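Have the structure open while you read.

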Amino acid sequence: MNFHLKIWRQRDANSPGQLEDHEAKDIPASASFLEMLDIVNEGVTMRGEEPIAHDSDCREGICGTCSLTINGVPHGNNKAGIATCQLHMRTFQDGETIYVEPFRAKAFPIVRDLIVDRSAFDRIIQAGGYVSVRTGSAPDANALPIPKQSADLAMDAAACIGCGACVAACPNSSAMLFTSAKMGQLSLLPQGQAERGRRTLAMVRQMDAEGFGNCSNVYNCSAVCPKEISASFIARMNRDYMLASVQDGLSANEVRSGE
Amino acid sequence: MFFGRWTSTRASGGGLRPPEMKLFALANTSIGKKWIVAITGLAFVGFVIAHLLGNLQIFWPNHGGPEHLNAYAEHLHDWAPLLWIARVLLIVFFVGHVYFTILLYRENRAARPQKYARPAKISASVPVMTMIVSGLILLTFVPFHLAHFTWKILRPEYRDFVDEAKRPDVYRMVVVGFSSWPISIFYIVSMGLLCMHISHGFSSVFQTFGIRNKLIAPVLDKGSYVLGWGLFLGNSLIPLSVLLGWVTWPAK
């Protein structure tokens, strides 16, 4: 198969970027999108040019490293719940023009070409996306009863691979699907209750500080999510955030008046 | 680190508390702003429903339109304190809704300085993507509507319309007002935008309040859609009926 590619090239975050034309020739229909880029990059390297920089790691849809906005859609296919590495060239038309751009957000500065710096996500996790547990011998698996429904829902949220497609798809570059999934997976479980309020407040604060936009309930995020995470987690976060704010505001006043 | 910051708040008299710990600073946070827009928007949905139900009395059967509409209009003005409380609340909600929407909009633009060279439609529909446009056009409709029928600046002669019971003749004012094609069409188009705005806004309120999950999401979205269309049809029926001669003054 042959494709006409329009690929975003940019030296670094501070340089201007532009679309560059590349021809992808004799691509096997069974090649993944990343394998197609590998083939194109071989030709680019052979010509002595700078290869197209893009992220990839596991190439089986579980690590969240690969990105790419393909024809305006993060991970290229918003129906299948797959990452770019699982997108096959057979889903495109022979001779098609394909636009390849990075995940675009102010909070995801471009490192080079199609690679963006997603460490803003790490800082949201550092702000509260964890539980504090006693180290030592492992407790019995059945010592802490967890309702099946909660476990299932927490598992749905935990499927998030932190790729950032939600941010890239959102017209506002909002990170609320990511943040709410990382919050939801802990807040649904008994182990996450002790830090629930402070986690909610701290993660939202960090999310705001990173310069992500605000959710306007468009739901592009869950439409492109390779793990098909539901925007219901955003609703859960909105609810938890208000409850946590009220609880914290009231208890803070109580502490002060008691002093 | 994390715990240190939190446990130290008491000793330092709350000085290290992050800003949103204080309830009133909620308006500085993303979710706090969304809540304000949702609450004020919901208040306006309630107002639009009540406004429509009141005005539909123009269709009261057996020529009861003039009597019922004028009596209702006078009744609304019966007790000035209540009227002014309602007016002040509406103004506060209006300013709040517009102000916080603009804040959110500016932040959202800033969050994506470099647009996609080739954007795609993913799941967003027209009402969703034009919320700011429909909102801004409504921003011109509201003063026009008030100047037209409430303050009567555009048509001072409406002030002289009085019915047999010496009440302001709202019925006659509506019929005369909507007898003009351009004005009626402007109202109908504005109602279309308003109801498009509500068809996304109403279901969004539930998402922002956190009253939404996979099971009730389709019900909320469809319900909101039906509400939008219902309000559009109900509101447009009034100028349309005047234009088509179904509602006339004197009532026949």
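## Where the two chains meet

There are zero salt bridges between chain B and chain A. Keep in mind that this is a predicted model. What the two chains do have between them is 29 residue pairs in polar contact, counting pairs with both residues at pLDDT 80 or more.

The size of an interface is often given as the accessible area lost when the parts come together. Here, about 4700 Å² is buried between chain B and chain A, and carbon and sulfur atoms give 54% of that.

## A look at chain A

Chain A is built with eight helices and seven strands. Its C-alpha atoms fill a box of roughly 75 × 40 × 35 Å along the principal axes. Of the 259 residues in chain A, 53% are buried. Chain A exposes about 11100 Å², with 51% of it supplied by carbon and sulfur atoms.

## Salt bridges

Side chains of opposite charge can pair when their charged atoms come close. Over all chains, the count is 15 salt bridges.

| Pair | Closest N and O atoms |
|---|---|
| Asp113(A) and Arg9(A) | 3.0 Å |
| Arg112(A) and Glu50(A) | 3.6 Å |
| Asp240(A) and Arg196(A) | 3.0 Å |

Asp240(A) sits in helix 8 (residues 232-258) of chain A and Arg196(A) in helix 6 (residues 196-209), so their pair ties together parts 44 residues apart in sequence. Asp240(A) is buried because its relative accessible area of 8% is under 20%. Arg196(A), at 24%, is partly exposed.

What about Arg112(A) and Glu50(A), buried or partly exposed? Arg112(A) counts as partly exposed at 23% relative accessibility, and Glu50(A) is partly exposed at 47%. Asp113(A) and Arg9(A), on the other hand, are both buried. Salt bridges with shared partners also join Arg9(A), Glu20(A) and Asp113(A) into one network.

## Inside chain B

Helix 7 (residues 170-178) of chain B has buried residues including Tyr171(B), Met173(B) and Phe178(B). The buried residues of helix 7 pack against helix 3 (65-76), helix 6 (131-150), helix 8 and helix 9 (217-243) of chain B.

Conventions. Residues are numbered from 1 along each chain as its sequence is written. Chains are lettered from A and ligands numbered from 1 in the order in which they are written. This is a predicted model: local features need pLDDT of at least 70, side-chain atom pairs count only at pLDDT 80 or more; totals for chains, interfaces and linings use all residues. Side-chain values use heavy atoms; hydrogens and water are left out. Buried area is the accessible area (1.4 Å probe) that two parts lose on being put together, summed over both. A salt bridge is a side-chain nitrogen of Lys or Arg within 4 Å of a carboxyl oxygen of Asp or Glu. A polar contact is a pair of N or O atoms within 3.5 Å; within protein, one must be able to donate a hydrogen and the other to accept it, and residues adjacent in sequence count only if both atoms are side-chain atoms. Helices (H or I, at least four residues) and strands (E, at least two) are DSSP runs, numbered from the N terminus. Buried means under 20% relative accessible area, exposed over 50%, partly exposed in between (1.4 Å probe, protein chains only). Accessible areas come from the Shrake-Rupley method with a 1.4 Å probe; for residues, only the protein chains shown count as cover. Contact means heavy atoms within 4.5 Å.
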